[in-house]
Amino acid sequence: MSFNKFRVLLVEPEPGQVILAQRAFAAEQQRFELLVAPTLADARRLIRERSPTLVITDLLLPDGRGTELFSATDEGPPVVVMTSQGDERVAVEAIQGGAIDYVVKSESAYDEIVHIARRALRQWRLLLDRDRAQAALRESEERFRQMAENSQQVFGLISADLRHVLYASPAYEKITGRCFDSLYENPRTLLRAVYPDDRAQVVETLRRRVADCSSRPSELEFRIQQPDGSLRWTRAILFSVCDKSGTPFRVGGVLEDVTQRKEAVEQLRERELQLAHVSRLNTMEELLAGIAHEVNQPLYAIANYAWACSRALAAENQSIPVDKLKDWCEGIQSAASRASEIIKRLREFTRRVDDQRAAVDLNETIEQSIELLSYNAQQQQVVFERELCDASPKVLADPIQLQQVMVNLLRNACESFEQDDAQGELRVVRVATRIVDHYAEVLVMDRGVGIPEDSESLFNAFVTTKPTGMGMGLAVSRSIVDALGGTIKARNNADGGATFIFTLPLVREVRSNGSKRNGSRGR
Amino acid sequence: MDPNATVHVVDDHELARNSVCALVESMGVAATVYASAEEFLESYHPGRPGCLVTDVRMLGMSGIELQERLAASKIDLPVVVITAHANTPLTVRAMRNGAVTLLEKPCNDNDLWDAIREALDQDERQRAAAHRRRQIRDRLDSLTQQEREVLDRMVAGKLNKVIARELDVSIRTIENRRHNIFRKFGAESVAELVRLVMESEADPD
């Protein structure tokens, strides 16, 4: 209730009537203030200047009819018509015209005028409330519609029996390439838009939503096939709408076209793969002379063995025992397979890979990487010391990419030594693997010149300490290790040189084996 | 070829050294393999006939360094140098050090075979020459002081009477001493005598 006084404007040309009215309102001075206007013009002025809460007007005024105040007070106070001349027809007109009430003037009417005013005000408030509620509802609906209709996402609501689409927002047409009407006619249209391979997943999720109200909204990604055959990737969030007893009676959902996002992610991944490949080719180019040397070794051996065999088989020379000849032939065989092994490694390493992950034995990868580097390491008088854990830790990775990380780290270690220091003395690079919790850890330790204080900067692209380096090796290594859910870092050793460490999550079945082994070792 | 000859094969690549060993054995010659220059130096006894086949790039001491080490120790073992990557400075250094030849891996057909044969022949020739030098020195040592004085002057191309005057003895005495010198050397002319003396002085090992 308002604590302000109600200001009532009485439009009445008859002074006698005015007095009656004033008398009636005087008893209610606490709540009402009475203004009086004898003419239409006065009334209009007072409405403008004093903003009365309620207008009570006679029908016939010296300068016009009281009903004219309706239009003047369109935005203004409610009007009660009080007349002695009127009949039913006038009453209907007055109410239709906008009067809130119509009262026949009588002697007793003035006794009740306060009551009439109160009733009119109450009525008015109810009307206002209703209008306000309706406006609010309209606005809320409008807001929702604006959101739903302008959104790139599809909002939808389906009955729990999955037979009726209760609502779907217009983006539906854009995402599916199908018209709305078909959806309302037959909800199965929605399912038909789903790419056949993904349908089972969608149906299964919908069923789960209908069955269970308690669980968190389901998120899923599936493809939509447009009528022209093109595919869109969508991401959906489905939730159950439940009644008070917790029984789902509707399923709601938001569907979003994530094709572009997916393509962007895909492109990024593609670029990373390309970069890794280029970096591998670059590495290989630098290792190639060494690898050619490695291939020459078995070729040299084959040539020698073959010559020895042919000499031994020559007529003038029968003194070579058959066992020797057998040995030499085996020598040829093992040299040939050695050569093809090296070439296979080379081809694998430079192959364009598609990030095909499998359980890879880290120790094996290390051996293969050392093999690729063997000649270059020898040139730099480097020997590798292995401290590999017996458990042969397996990690989920693309074997070639993993080898790339390993080759990068081992190569850096080989090149970390000061030029010309300790000529003729062997330089040792230690390679260790170990299992720490659910991770495999690989350490590459050198005795070289160490790394800059800010070791993190080493992992940035185009940062290199080598005159011929591209500065890609460590950056690519990091992106590979990151993508596999691992970490890579570097630090200087207390007693000289640097250590590079990377960790990768162990493949699950090895995890349990590993911990078992650790346990038994502890005993 | 010396039946006691041994070919020493030094290569840190197992397949490579074993294959050279086979090649050598197919010649009917004994071979010994070593994985490093250090290993070879440890077990090698100078004096035995043979030759050395060594790779250049190896972990530790290189083949060229090994060659230089042998030369510094005055060991006359003929060396065949093998490398996967021949370059001019390397080749020059190896040849200056007295390598029989330098071959690139993999070698053509019987290049290695020929090189090893050549090295063994060279070893045999060197041994024969050394033997001869030793014989001449023995003969020189068998001369008396007076005979040696006469020989020196004969080699210098002096006539008997000049030598007699210089040494203040009779021509007859000089002729006696000359006779003894020819006998001890088994030489038949002054020219031959001069050649033998020069030969012994050519390489003072």
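This is a predicted model: local features need pLDDT of at least 70, side-chain atom pairs count only at pLDDT 80 or more; totals for chains, interfaces and linings use all residues.

Modeller: Leaving aside residues up to four places away in sequence, Tyr305(A) touches Trp328(A), Gly331(A), Ile332(A) and Ala335(A) in chain A, plus Ser19(B) and Ala22(B) in chain B. Now zoom out a bit. Tyr305(A) belongs to the largest nonpolar core, a set of 53 residues, and together with Val80(B) and Ile116(B) it touches the most other members. The biggest contributor to this core is helix H10 of chain A, residues 259–313, which puts in nine residues. Another core lies apart from that one: it has 48 residues, including Leu373(A) and Val405(A).

What about the place where the two chains meet? There, 24 residues of chain B are in contact with 27 residues of chain A. On the chain B side, helix H1 (14–26) and helix H5 (111–142) each supply at least two residues. H1(B) gives the largest share, nine residues.

Finally, a look at chain B as a whole. You'll find nine helices and five strands in it, and from the N terminus they run β-α-β-α-β-α-β-α-β-α-α-α-α-α. Of its 205 residues, 34% are buried. And if you take the contacts in chain B between residues at least 6 apart in sequence, 61% join residues at least 24 apart.

Notes: Residues are numbered from 1 along each chain as its sequence is written. Chains are lettered from A and ligands numbered from 1 in the order in which they are written. A nonpolar core is a set of buried Ala, Val, Leu, Ile, Met, Phe, Trp, Tyr and Cys residues joined through C-beta atoms within 7 Å. A residue is buried if 20 or more other C-beta atoms lie within 10 Å of its own, exposed if 12 or fewer, and partly exposed in between; C-beta atoms are placed from the backbone. Helices (H or I, at least four residues) and strands (E, at least two) are DSSP runs, numbered from the N terminus. Two residues are in contact if their C-beta atoms, placed from the backbone, lie within 7 Å.
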